[in-house]
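Hi,

Here is the structure I promised to pass on. Have a look at it first, and then read my notes below.

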Amino acid sequence: MKKNKQIIFAVAVVIALVAIMFTPIGTFLKSKIEDDSHVAGMDVELSESDYDIDLIGHNGAKNTNLLDFKNSGEVIFLNFWGSWCPPCVAEMPTIQKLYEAKGQKVKFVLIAIQDKPKVFNAFLEKNNYTMPVYEPSSPLSNNILPRVFPTTYILNKKGQVVLKEIKTRDWNDKEINDLLDKLIAE
């Protein structure tokens, strides 16, 4: 009898899941689950006030405001990360390589979120990472506050978002190098 109840329960669960997937709620849930981690820049709406974040510099970086970078007329690589975040840690070697290749022509802004300077500075030193790192000293707006880590933006010289990525990737691959070269040349 117990086995029959388990079979009936399993069948009921399967039927419920199938029903959910073919209803408007199911369609909504499916759209939220599908990978939308790579977003073209025109889909990203950030205002000037979203960039108004005071930053404390680490790893050789000076204190500044994110608006200064956005309005600098230079290409920006903006990454929100944490040393506590395994996907963030996984992509760091590729960011370091990209920084070594493009750091003279692209402004790198890596913002450590929910992290302590003592911890992330030790992480940077241990791994010989030289790219500039910042911690926010003012609140982040809900529009720019990452919901997933890592979150990375690439901004063109006009300060417009041309790429938003909300997953780990190889940042030193051909696609990104070509994109940065194109933006630098514009």
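A polar contact here is a pair of N or O atoms within 3.5 Å; within protein, one must be able to donate a hydrogen and the other to accept it, and residues adjacent in sequence count only if both atoms are side-chain atoms. The side chains of N156 and Q160 make such a polar contact, at 2.8 Å.

Before I go on, some housekeeping. This is a predicted model, where local features need pLDDT of at least 70 and side-chain atom pairs count only at pLDDT 80 or more, while totals for chains, interfaces and linings use all residues. Residues are numbered from 1 along each chain as its sequence is written, and side-chain values use heavy atoms, with hydrogens and water left out.

Back to N156. It sits in the loop between β7 (151-155) and β8 (161-165); helices (H or I, at least four residues) and strands (E, at least two) are DSSP runs, numbered from the N terminus. With a relative accessibility of 8%, N156 counts as buried, where buried means under 20% relative accessible area, exposed over 50%, and partly exposed in between (1.4 Å probe, protein chains only). Leaving aside residues up to four places away in sequence, N156 touches E74, V75, V162 and L183, with contact meaning heavy atoms within 4.5 Å.

Next, the salt bridges (a side-chain nitrogen of Lys or Arg within 4 Å of a carboxyl oxygen of Asp or Glu). How many salt bridges does a search of the whole structure find? It turns up seven. One of them pairs K70 with E48, with the closest N and O atoms 2.5 Å apart. This pair links distant parts of the chain, 22 residues apart: K70 is in helix α3 (residues 66-70), and E48 is in the loop between β1 (38-40) and β2 (54-58). K70 is buried at 11% relative accessibility, whereas E48 is partly exposed at 39%.

Together, E165, R169, D173 and E175 are linked in a network of salt bridges. R169 and E165 are both buried, R169 having a relative accessible area of 14%. E175, at 47%, is partly exposed.

Then there is the disulfide, defined as a pair of cysteine sulfur atoms within 2.5 Å. That rule gives a count of one: C85 is joined to C88, S to S 2.4 Å. The torsion about their S-S bond is about 75 degrees, so the disulfide is right-handed. C85 and C88 are both buried.

Last, helix α5 (residues 117-126). Which residues of α5 are buried? They are F120, F123 and L124. These cover an arc of only 95 degrees around the axis, which puts them on the same side of α5; the arc is that of the directions from the helix axis to the C-beta atoms. On the other side of α5, K118, E125 and K126 are exposed. The buried residues of α5 pack against β2, β4 (75-81), α4 (86-102), β5 (106-112) and β6 (133-136). After α5 comes N128, with a positive phi near 55 degrees.

Cheers
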